[in-house]
Amino acid sequence: MANRTVVSEFILLGIPNTEGLENILFVTFLSIYLCTLMGNLLILSATITDPRLHTPMYFFLCNLAMVDLGFSSISTPKFLAILWAESKTISLGGCMSQVFFYHFLGSTECLLYTVMAYDRYVAICHPLRYLLIMNWRVCSLLAAGCWITSSFHATILTSLTFTLPYCGSNVLDYFFCDIFPVIKLACADTSIIKMVSFTNIGVVPMTCFTLILASYVRIAASVVRMRSMEHGRKAISTCASHMIVVCFFFGPCALLYTQPSLSNLLATPMQIFCEVVTPMLNPLVYTLRNKEVKAAFRKMRGG
């Protein structure tokens, strides 16, 4: 049998077709990253320090902020290093970490959106029993379930990806390690990981989206039956932020992972939107229309 060199590191080429735009991209991605860190840290600080925000809705929002802090840090620091210092090499362990945390945090976010939709359903459709149903024990179990389930999900995908032999090229024509760009370099059959990826990353989010949709159908029916227009407007306003971020998250993900043959011209902007832009937008969406969070920010400033 011929000797084969086992890959111990990968070379990330960055975003395709962006030669000569390194400085502009560096400033843009750094600005977005800093805004993401600041926005999500502010939400965490406001929720922890203001007793009025110690409710189930803001408990789950805190979990989402922690996910967004981690999600934005998976690939952005490395990509900034590629742009600034042309440090394109990433170790096998580093590549594995990117794949694991990308799918761990992405799955956690998906499940959290589902739990948050259920929380809004209970709050609007069963307001008198809300605190009884969504007590702190239930909230803690739901949040822990999101994190633990996602860790199993990510472990399976990462294990299947990196038990494949990589003995040829180690050049990834992408800006971070993800399953489909990585397995293109495998020198073995990849049908199993492709099938499992479709099942885990396709069917599971679609199930979550269906449950979210069902929650909002019930909420809409409840709002229509409300006698008070004021209560109806408040219910819609409360749900609007969640609906916007759900669309931000599920729209691009559905295309990316159910259509693995999608061209880089379309896949790369959607991946950047999911991983870099959405974690920055989530704090903005949740705070721009939210009087309670704005009041907590003013309290933090001493206003």
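**Figure 1. Overview of the predicted model.** Two residues are in contact when heavy atoms of one lie within 4.5 Å of heavy atoms of the other. By this criterion, residues 24 or more positions apart account for 79% of the contacts in the protein with a separation of 6 or more. The model shown is predicted. The protein contains eleven helices and three strands. Read from the N terminus, the order of these elements is β-α-α-α-β-α-α-α-β-α-α-α-α-α. Of the 303 residues, 49% count as buried.

**Figure 2. Close-up of helix H2, residues 56–72.** H2 is built from 17 residues, and the distance from its first C-alpha to its last is 24 Å. This span is close to the 24 Å expected at 1.5 Å a residue. H2 is mostly covered, with 13 of its 17 residues buried.

**Figure 3. Close-up of H2 with helix H1, residues 22–49.** The axes of the two helices come within 9 Å and cross at roughly 155°. Because angles over 145 degrees count as roughly antiparallel, H1 is roughly antiparallel to H2. The crossing of H1 with H2 is left-handed. On the H1 side, the contact is made by Tyr33, Thr36, Leu37, Asn40, Leu41, Ile43, Leu44 and Thr47. On the H2 side, Tyr58, Leu61, Cys62, Ala65, Met66, Asp68, Leu69 and Ser72 take part. The residues of this contact comprise eleven nonpolar, four polar and one charged.

**Figure 4. Close-up of H2 with helix H4, residues 92–125.** The axes of H2 and H4 come within 10 Å, and their crossing angle is roughly 165°. These two helices are therefore roughly antiparallel to each other. Their crossing is left-handed. From H2, the residues that meet H4 are Pro56, Met57, Phe60, Leu61, Asn63, Leu64, Val67, Asp68, Gly70 and Phe71. Their counterparts in H4 are Tyr102, Leu105, Gly106, Thr108, Glu109, Leu112, Tyr113, Val115, Met116, Asp119 and Arg120. The residues of the contact between H2 and H4 divide into 13 nonpolar, four polar and four charged.

**Figure 5. Close-up of Leu61 and Asp68 in H2.** Leu61 and Asp68 are among the H2 residues in the contact with H1. Both residues are also among those of H2 that meet H4.

Notes. Residues are numbered from 1 along each chain as its sequence is written. This is a predicted model: local features need pLDDT of at least 70, side-chain atom pairs count only at pLDDT 80 or more; totals for chains, interfaces and linings use all residues. Side-chain values use heavy atoms; hydrogens and water are left out. Axes are lines fitted to C-alpha atoms, for helices over the stretch in contact, and angles run from 0 to 180 degrees between N-to-C directions. Helices (H or I, at least four residues) and strands (E, at least two) are DSSP runs, numbered from the N terminus. Angles under 35 degrees count as roughly parallel, over 145 as roughly antiparallel, 65 to 115 as roughly perpendicular and the rest as oblique. A crossing is left-handed if the near helix is turned anticlockwise from the far one by less than a right angle, and right-handed if clockwise. Ala, Val, Leu, Ile, Met, Phe, Trp, Tyr, Cys and Pro count as nonpolar, Asp, Glu, Lys and Arg as charged, and the others, Gly among them, as polar. The expected span of a helix is 1.5 Å times one less than its number of residues. Buried means under 20% relative accessible area, exposed over 50%, partly exposed in between (1.4 Å probe, protein chains only).
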